[in-house]
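These are my notebook entries on one protein structure. I record below what I looked up, entry by entry.

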Amino acid sequence: MPIIKSIYWEQTDREQLVYKFPFNNVTMGSVLTVNDSQEAFFFKSGTLCDSFTSGRHVLSSANLPVLQKLINLPSGGDTTFTAEIWFISKLDKRNMLWGTGGLRIVDPYFQIPLKLSSRGQYGFRISDGGLFLKKLIGTIGFANTDLLEDQFRTDVIEAVKVTIAKFMKENDVNINELGSEYKALSKAISKNLQLSFDEYGIELLNFNIEDINFDENDKGYQTVMEGIAEQAKLNKLGVNYLQQKQIDIAQAAAGNEGAGNFMGIGMGLGMGNSVGGMVSNAIQQSGIGMPPPPPPISSYYVAKDGQTIGPFTLPQLRDMMLRKEIDKQTYVYQVGGSAWVLVEDEPRLSQMFNGLMPPPPPMV
């Protein structure tokens, strides 16, 4: 086995990340040459002994203190010792492509699962060569950019999925607004992904998102888009989703034909008044003119055959007058009133009655 006097790595492939020097019988006094973009590491029995940055180094017991301690190297002469010598490339590796499809995230506002795909680029450099060799290379003996791309593909996908969902929730961003948030989103993903890279002594460079797409045929996507459109419309009026639902309930109650159910009417009117107040305030704040409120609906109980029936609205009472079911001497009680009165003593009913019933014909 030849005695090694010159140790170096003449790197010809920029994609190659590590190089193991082919011989391990190193002689004291040998010259180790490390280029500017490299770092060299000495290992003995799997233990990292020493590292060398760029420059020309003459090996001696002075610059191999850990190795000297392990094998008791003499201070002079052409003593030969065994050690593994690894070189690490510290060049920046850029334009690494990443992409993922079929991811599912849950929309934070509507809580609906969505399918998405995304793609972009990133770069990296080896920041801690010793950690990189121990955690990733091990006994493989080689590494290139393809190895790292395969190694971290799952980490990239997971970081993209988790960060997008978290970013949307924390920043109140919907899927329609993500297109304007690529820069901030890329920064957030890079921060999370760097935690995984740190374990292997790698620094992440320039992570960016080029595109995020949602499956437009997905029912979840269509539902969320409809919800976003509805919310935008309500925001124009200053009405939120809950208030809109209350309005819908009030409208449904108002359209109920069960007029004889006084309790149902009361609840409908109460809900209508509450929602009407909220909508009135919202429209006033938006600067839109508010029409005057409708007049209150009058209704009356009727005393007939010793029993109380009703309540009846004015149109219903008019029909009863035409059918001669009530007359001027019928007692009525207005809802919200204080006493029973005769029809002829209630101005609104008396006027309506006189308009329907002509006076008795003259005596012949």
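**Salt bridges and charges**

I looked up Lys20 and found that it counts as partly exposed, at 37% relative accessibility. Here buried means under 20% relative accessible area, exposed over 50%, and partly exposed in between, with a 1.4 Å probe and protein chains only.

I noted that this is a predicted model, in which local features need pLDDT of at least 70, side-chain atom pairs count only at pLDDT 80 or more, and totals for chains, interfaces and linings use all residues. Residues are numbered from 1 along each chain as its sequence is written, and side-chain values use heavy atoms, with hydrogens and water left out.

I then searched for salt bridges (a side-chain nitrogen of Lys or Arg within 4 Å of a carboxyl oxygen of Asp or Glu). Lys20 forms one with Glu84, and the closest N and O atoms are 3.8 Å apart. Glu84 lies in strand E8 (residues 84-89) and Lys20 in strand E2 (residues 18-20), so the pair ties together parts that are 64 residues apart in sequence. Helices (H or I, at least four residues) and strands (E, at least two) are DSSP runs, numbered from the N terminus. Glu84 is itself partly exposed, with a relative accessible area of 35%.

I next examined Lys161, which forms a salt bridge with Glu158; their closest N and O atoms are 3.8 Å apart. Both residues lie in helix H3 (residues 145-171), three residues apart, about one turn of the helix.

I also recorded a network of salt bridges that links Asp92, Arg94, Arg125 and Glu203. The count of salt bridges comes to nine.

**A buried charge**

Asp107 lies in the loop between strand E9 (93-106) and strand E10 (113-126). Not counting residues up to four places away in sequence, Asp107 touches Ile112, Leu114, Met168, Ile175 and Val224, where contact means heavy atoms within 4.5 Å.

**Asn25**

I located Asn25 in strand E3 (residues 25-34). Asn25 counts as buried, at 7% relative accessibility. The C-alpha atoms of Asn25 and Phe81 are separated by 5.6 Å, although the two residues are 56 residues apart along the chain.

**The whole protein**

I counted nine helices and 15 strands. Of the 364 residues, 36% count as buried.
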